[in-house]
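Open your viewer and get ready to select residues by number. This short tour goes strand by strand.

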Amino acid sequence: MRARVSGLLVAACVMAIPAAWAETDAASGEFTSQSTRLVVHGAVAFRGKSSLDGDALIVAVSNARLKTDMVAEYYDRRRAIERHVKDDETGVVYFEFTPDGRYRGLSYYFAPGNGCGYCTSEVTSSVKLASGRLTGTLKVDVLVLSDDHGAALPANGGAPGKAYLAYHAALTKRDAAALRPLLSQSQEEVFDNAKQKGKLEGFLSFLSEDHPTRTARIDKGFGNDRTAVLLVSGESAAGKVTGEALLVKDQGAWKVDDELLSVVSP
């Protein structure tokens, strides 16, 4: 397996800024693996779990421009990128650094037989962390997203948690009338469009795909007066699931905007 990175330079500012002020990050360069050529247009940097082990500083680069303010809302940024950015036309390569800025390796997947779960020797890097910036040989200039998701919420998630559990109850009962008022404005629009086209049952099935159908627990939560993120877990027919739910406050009420859950491997 051979991959080539052409002319990359990383300058990632570790200074935390409010997500709402973040601009779309631009990047340039090229990543080639076998016959796949990824022309880099976007990048985002964040702290997360390494593909190998331990904590890492991760720079995700893509042929799509990445909206940092949207990625920043999520607790698990890598999972959000995998679910909402990556597809058949959009590739993502993850460069990993130690928490103090030393290059460790990379991971990517383009197609069967064309990917790397974790490669450590494909890139020569002179990246260093100094004065709150990563500088060196990977051509991206991105802010490292803040880990601050707001104040810790009370047990069971407080008011956002109550809204999420009501959402859970309505979804598991397939009670569309009870579910709609618990959805964010953007999700309500999808709901109404599906209903108008006679595809509401399909939309409910989509929402239920990874949702815990038997029990749902709120393990931890963070938020401010506008947004909240809940770390949730539960059981479904497929087994134990874990993940997160994003909620937004709309006209004084908490609404579910997104939910990213994964089945936990035995």
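Strands here are DSSP runs of at least two residues, numbered from the N terminus. The model is predicted: local features need pLDDT of at least 70, side-chain atom pairs count only at pLDDT 80 or more, and totals for chains, interfaces and linings use all residues. Residues are numbered from 1 along each chain as its sequence is written, and side-chain values use heavy atoms, with hydrogens and water left out.

Select 239-250 next. This is strand E16, antiparallel to E15 over 10 bridges. Two strands count as paired if DSSP finds at least two bridges between them. Find Ser236, then Gly239 in E16: they are bridge partners.

Now select 227-236, strand E15.

Move to 215-223, strand E14. It pairs with E15 in the antiparallel sense over eight bridges. Ile218 faces Val232 of E15. The hairpin from E14 to E15 has three residues.

E16 and E17 are antiparallel, with 10 bridges. Pick Val248; its bridge partner in E17 is Lys255.

Finally, show the whole sheet. It is open, with five strands in the order E13-E14-E15-E16-E17 and antiparallel pairing. Its edge strands are E13 (151-152) and E17 (253-263), each pairing on one side only.

How values were computed: Helices (H or I, at least four residues) and strands (E, at least two) are DSSP runs, numbered from the N terminus.
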